[in-house]
Amino acid sequence: MKKLLCLLLCAATVTAFGQGSTLYRVNVVKPKAGMNSAFEASWKMHLAKFHTATDKRMVAQIIDGPMNGAYVIVEGPISYADMDKDNPTAKEHSLDLEKTFTPKLDVTGMNSIYRWADTLSYNGNVKADKFLVTVTVYKNGTAGDIQTEIRRNVLINTKMNSTNSVNVYVKQWSGSSPTIVTRRNLKNGFKELDSDYAPTMMGTQFKDAYIKDYGQEAWDKRVKLLVDAVVSREQHLEKARPDLSSK
């Protein structure tokens with residue numbers, strides 16, 4: 001479940017970036033076998049009752065891997081100050097969850113929080129409804145060097161005028177297991193993942209630009225770091241579910 005909680009971010013929009021609220025709280029749920037339709041119906045009723053004008057939710061669905069069919073429910077963007085505010089409908093909200101759709105679920109998990117990292121993201125305002133999500137856990141003590149390299153990705157892609165769109169999120173309170181989530185926004189759909197899509201951005205172009213700016217030694221250190229620092233890496237595809245999200 002720890003890994004699943006990292007997979008939230010495909011549903012998060014970027015419309016509120018820059019407003020001082022860059023945190024996202026996640027809940028990943030998977031209905032019991034044969035209960036998807038019943039879950040969606042129950043969730044829509046709950047959404048209409050509690051998450052319309054305020055306290056909105058964004059929903060996406062995992063479409064491959066062991067959690068194929070799971071729903072990713074995102075609250076945010078919020079700030080830490082928002083967590084101090086009392087919700088007058090909290091009790092009623094919890095009771096509604098218990099009665100309406102919680103019994104239909106096989107797997108649940110909630111209350112992991114991630115911060116959108118603006119300086120590590122590139123062209124993040126691109127609107128898309130399909131996403132490639134990568135979750136990487138790094139060795140303790142490597143987070144600073146990794147974030148330096150991600151920042152260099154942004155700078156190089158900017159110079160190359162890359163058409164890619166990537167948002168980066170950092171797990172909060174990750175302790176000795178620093179975790180970074182990247183969400184590639186596939187504006188033109190999953191076909192962007194084909195090897196012959198946008199061939200001018202393939203091959204050695206990024207490497208050549210990197211070496212030009214930072215040198216061969218820095219490139220060699222980068223290549224080694226991006227292998228040695230990784231504890232685990234997971235990838236999966238997601239698609240937005242606007243029909244299950246707040247308007």
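Does Thr100 count as buried or exposed, and at what relative accessibility? In this predicted model, Thr100 counts as buried, at 18% relative accessibility. The cut-off for buried is under 20% relative accessible area, so that value qualifies. Thr100 belongs to helix H3, and its side chain reaches back to the backbone oxygen of Asp96 at 2.5 Å.

Helix H2 (residues 36-50) packs with helix H3 (residues 90-100) at an angle of about 170°, and their axes are 10 Å apart. Because angles over 145 degrees count as roughly antiparallel, H2 gets that label relative to H3. On the H2 side, the contact is made by Ser42, His46, Lys49 and Phe50, while H3 brings Glu92, His93, Asp96, Leu97 and Thr100. Sort those by class and you get 2 nonpolar, 4 polar and 3 charged residues.

Next up is His51, in the loop between H2 and S2. His51 is buried, with a relative accessible area of 1%. Its side chain reaches the backbone oxygen of Asp55 at 2.6 Å. Setting aside neighbours within four places in sequence, the contacts of His51 are Trp43, His46, Lys56, Arg57, His93 and Ser246. Two of those names, His46 and His93, also turn up in the contact between H2 and H3.

Now for the nonpolar core. The largest one has 16 residues, and Tyr24, Tyr169 and Val181 touch the most other members. Strands S1 (23-31), S2 (57-62), S3 (71-78), S4 (105-116) and S5 (130-138) are the elements giving two or more residues to this core.

A few backbone details are worth a click. Most residues other than glycine have a negative phi, and most peptide bonds are trans. Against that background, take the bond joining Gly76 and Pro77: it is cis, with omega about 5°. Pro77 sits in strand S3.

Then there's Asn161, with a positive phi near 55°. Asn161 lies in the loop between helix H4 (143-160) and strand S6 (166-171), and is exposed at a relative accessible area of 60%. Trp173 likewise has a positive phi, near 55°. Trp173 is in the loop between S6 and strand S7 (179-185), and this tryptophan is exposed too, with a relative accessible area of 63%.

Notes
Residues are numbered from 1 along each chain as its sequence is written. This is a predicted model: local features need pLDDT of at least 70, side-chain atom pairs count only at pLDDT 80 or more; totals for chains, interfaces and linings use all residues. Side-chain values use heavy atoms; hydrogens and water are left out. A nonpolar core is a set of buried Ala, Val, Leu, Ile, Met, Phe, Trp, Tyr and Cys residues joined through side-chain atoms within 4.5 Å. Buried means under 20% relative accessible area, exposed over 50%, partly exposed in between (1.4 Å probe, protein chains only). Helices (H or I, at least four residues) and strands (E, at least two) are DSSP runs, numbered from the N terminus. Axes are lines fitted to C-alpha atoms, for helices over the stretch in contact, and angles run from 0 to 180 degrees between N-to-C directions. Angles under 35 degrees count as roughly parallel, over 145 as roughly antiparallel, 65 to 115 as roughly perpendicular and the rest as oblique. Contact means heavy atoms within 4.5 Å. Ala, Val, Leu, Ile, Met, Phe, Trp, Tyr, Cys and Pro count as nonpolar, Asp, Glu, Lys and Arg as charged, and the others, Gly among them, as polar. A polar contact is a pair of N or O atoms within 3.5 Å; within protein, one must be able to donate a hydrogen and the other to accept it, and residues adjacent in sequence count only if both atoms are side-chain atoms.
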